Amino acid sequence: MSELSPTARALRALEILQNRPGCTADQLAQRLGVTDRAARRYVVILREAGIPVESVRGPYGGYRLARGLRLPPLVFSAAEALGLVMAVLDGRHAAADNEDPVGSGLGKIIRALPVRVGRQAATMREHARAVPDRWAHPDPSIASALVEAVGEQRQVRIGYRSAAGHTHSFEVDPWSVVVRYGRWYLLCFAHHADALRTYRIDRVTAVGAGTRTFVTPEGLDPVSVLEANLASGWEFDTRVVFDAPATEVAPWLRPTMGRLEPLGEDRCVVVGSTSNPTMYAGEWLAGMPFEITVEGGPELRRAVRDVSQKMARAVAQ
């Protein structure tokens with residue numbers, strides 16, 4: 001790979017300062033792979049080019065770009081542009097729809113690209129298709145309304161569709177919106193259950209404005225609380241014993257399957273709940289390479305029995 005020119009390194013220094021305001025000379029040098037003296041020289045080159053790079057002294061000081069700086073238009077390489085299109089297509093099957101907010105935004109980026117790169121990106125956008133998943137992605141207006149309610153600490157009434165297709169409407173105190181495992185979740189206090197609950201935002205069908213306020217619990221760690229509650233509060237209880245140590249089962253365990261507890265050195269149990277026993281049995285348990293005993297609840301035991309009978313019929317002579 002050819003050595004970067006001083007100008008190219010100066011532009012790289014500009015990118016670093018954009019992303020890391022307050023970057024020290026030592027940090028800048030480390031990221032550029034040069035000496036401290038060379039890093040300071042690249043800062044000088046930027047200043048000579050008319051880019052105001054400020055130096056702030058003190059323990060929290062460093063280099064930063066002056067406020068109000070107008071930077072040149074974004075420039076994408078072909079790999080960056082196509083990678084962006086691929087990521088959006090992978091996450092949003094409506095990315096080719098100009099009426100969709102994400103599709104509209106992606107179209108604006110494509111139109112701003114150089115002709116050669118833009119043509120490739122537009123072709124990919126037109127002909128590549130992700131597999132549609134009707135409920136996989138939150139409605140932007142619903143997610144925005146929930147985030148706003150979290151910030152205002154305002155109670156709301158939400159409409160919700162469970163995995164089994166049942167619809168509900170209830171009041172919640174929205175504590176936090178958390179993106180985890182590729183899903184958007186609402187962590188909240190549900191008044192109808194008088195308990196903490198976690199709901200997938202892509203299944204929220206409506207958000208009604210409320211007037212009552214609440215106080216978010218002090219010291220709340222949304223991610224930790226979400227992890228502990230992903231498998232709680234659903235319609236059907238689950239309890240599965242594994243003939244394997246907890247350390248071996250843990251890497252195979254989905255967070256929504258339940259709470260893992262050891263039963264001695266060679267066995268463990270997963271306790272939780274689900275709204276879809278058939279999926280729990282057929283998609284989750286069936287793919288785990290351990291001997292298991294399904295102790296409960298009755299709905300999960302019935303689902304496991306149905307799945308096993310279906311598999312047995314598939315190979316019956």
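These questions and answers walk through a predicted model of one protein chain.

Trainee: What should I know about the numbering and the model before we start?
Mentor: Residues are numbered from 1 along each chain as its sequence is written, and side-chain values use heavy atoms, without hydrogens or water. The model is predicted: local features need pLDDT of at least 70, side-chain atom pairs count only at pLDDT 80 or more, and totals for chains, interfaces and linings use all residues.

Trainee: How many helices and strands does the protein chain have?
Mentor: Both are DSSP runs, numbered from the N terminus. A helix is H or I with at least four residues, and a strand is E with at least two. The secondary structure comes to eleven helices and eleven strands.

Trainee: What share of the 317 residues is buried?
Mentor: Buried means under 20% relative accessible area, exposed means over 50%, and partly exposed is in between (1.4 Å probe, protein chains only). By that rule, the buried share of the protein chain is 36%.

Trainee: What span should helix H7 have, and what is the distance between its end C-alpha atoms?
Mentor: H7 covers residues 140–152, which is 13 residues. The expected span is 1.5 Å times one less than the number of residues, so H7 should span 18 Å. Its end C-alpha atoms agree with that, at 18 Å apart.

Trainee: Where do the buried residues of H7 sit around the axis, and what arc do they cover?
Mentor: The buried residues are Ile142, Ala143, Leu146, Ala149 and Val150. The arc is taken from the directions from the helix axis to the C-beta atoms. They lie on the same side of H7, because their arc is only 125 degrees.

Trainee: Which strands do those buried residues pack against?
Mentor: Contact means heavy atoms within 4.5 Å. The buried residues of H7 pack against S3, S4, S5 and strand S7 (204–208).

Trainee: Which loop holds Gln153, and what is its phi?
Mentor: Gln153 is in the loop between H7 and S3. Gln153 is partly exposed, at 27% relative accessible area. Gln153 is not a glycine, yet its phi is positive, at about 50 degrees.

Trainee: Is Asp194 buried or exposed?
Mentor: Asp194 lies in the loop between S5 and strand S6 (195–200). Its phi is positive too, near 55 degrees. With a relative accessible area of 60%, Asp194 is exposed.

Trainee: How many aromatic pairs are there?
Mentor: Rings of Phe, Tyr and Trp (its six-membered ring) pair if their centres lie within 6.5 Å. Planes under 30 degrees apart count as stacked, over 60 as edge-to-face, and the rest as tilted. The count comes to seven aromatic pairs.

Trainee: What kind of pair do Tyr160 and Phe170 form?
Mentor: Tyr160 is in strand S3 (residues 156–161) and Phe170 in strand S4 (residues 167–180), ten residues apart. Tyr160 and Phe170 are both buried. Their rings are 6.5 Å centre to centre, with 45 degrees between the planes, and the pair is tilted.

Trainee: Which residue joins Tyr160 and Phe170 in a cluster?
Mentor: Ring pairs make the links in this cluster. The residue joined to Tyr160 and Phe170 is Tyr199.

Trainee: How many disulfides are found?
Mentor: A disulfide is a pair of cysteine sulfur atoms within 2.5 Å. Cys188 is buried at 0% relative accessibility, and Cys268 is buried at 0%. The search of the whole structure finds zero.
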